[in-house]
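Here are a few notes to read alongside the model. Take them in any order you like.

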Amino acid sequence: MAQRLALQRLLALPTRGPLASHGRAFGTSAGRRNTFNVQDGSDFQDRVVNSPKPVVVDFHAQWCGPCKILGPRLEKLVAKQEGKVLMAKVDIDDHTDLAIEYEVSAVPTVLAMKNGDVVDKFVGIKDEDQLEAFLKKLIGA
C-alpha cells in the first residue's frame, strides 16, 4: 500500500507552481527526442527513409554485449548534435525483415542514411572519436 501511494505521488501532476504550465512534472532530454525505437516496417519508412534529417540506424540485439556499450555511446553523441541528426534503434530479433533488407549479418551494425539512402556503414564497436567523425561526415560538418 505504501509503495502504491508513493507511486501515485510521484506520478501526480502539479496543479500550480512552475511545473503546472508545462503540463507534466518531468522533462525529456534532447537526446530522447532525437533517438527512437523502430516499431515496424511502416514506422521505419516514415521516420527513417522519409526523414528530412540524416538518420543513424543502430541495428542491435538484447543479447549482444558490444551493442550494450555502443548504443548509449552513440545516443550521447547524437544528442550532442542538437537535432542535426536522428538515431533509430532497430532490434534485429524483432525486425528480422529490416535486418535482411539492409544486409545486416552481425551486430552491432550502424548505417548512416540521408534522403532514404545508405551513405555509410560500420560493423562492431567504435570509440567516441571514431563515432564523432562518423556523425560529422553524415551531417556534413
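At roughly what angle do the axes of helix α4 and α6 cross?

1. They cross at roughly 50°, and the axes come within 10 Å. Axes here are lines fitted to C-alpha atoms, for helices over the stretch in contact, with angles from 0 to 180 degrees between N-to-C directions. Helices are DSSP runs (H or I, at least four residues), numbered from the N terminus. Helix α4 covers residues 65–80, and α6 covers residues 128–139.

2. On the α4 side, the contact (heavy atoms within 4.5 Å) includes Leu70, Arg73 and Leu74. Glu128, Leu131, Glu132 and Leu135 come from α6.

3. A word on the source. This is a predicted model, where local features need pLDDT of at least 70, side-chain atom pairs count only at pLDDT 80 or more, and totals for chains, interfaces and linings use all residues. Residues are numbered from 1 along each chain as its sequence is written, and side-chain values use heavy atoms, leaving out hydrogens and water.

4. Phe134 sits in helix α6. Phe134 is buried at 9% relative accessible area; buried means under 20%, exposed over 50% and partly exposed in between, with a 1.4 Å probe and protein chains only. Leaving aside residues up to four places away in sequence, Phe134 touches several others, among them Val56, Val110 and Lys121. Lys121 is 13 residues from Phe134 in sequence, and their C-alpha atoms are 8.9 Å apart.

5. Searching the whole structure turns up one disulfide (a pair of cysteine sulfur atoms within 2.5 Å). Cys64 and Cys67 form it, with sulfur atoms 2.3 Å apart. Cys64 is buried at 4% relative accessibility, and Cys67 is buried at 6%.

Terms used: Helices (H or I, at least four residues) and strands (E, at least two) are DSSP runs, numbered from the N terminus.
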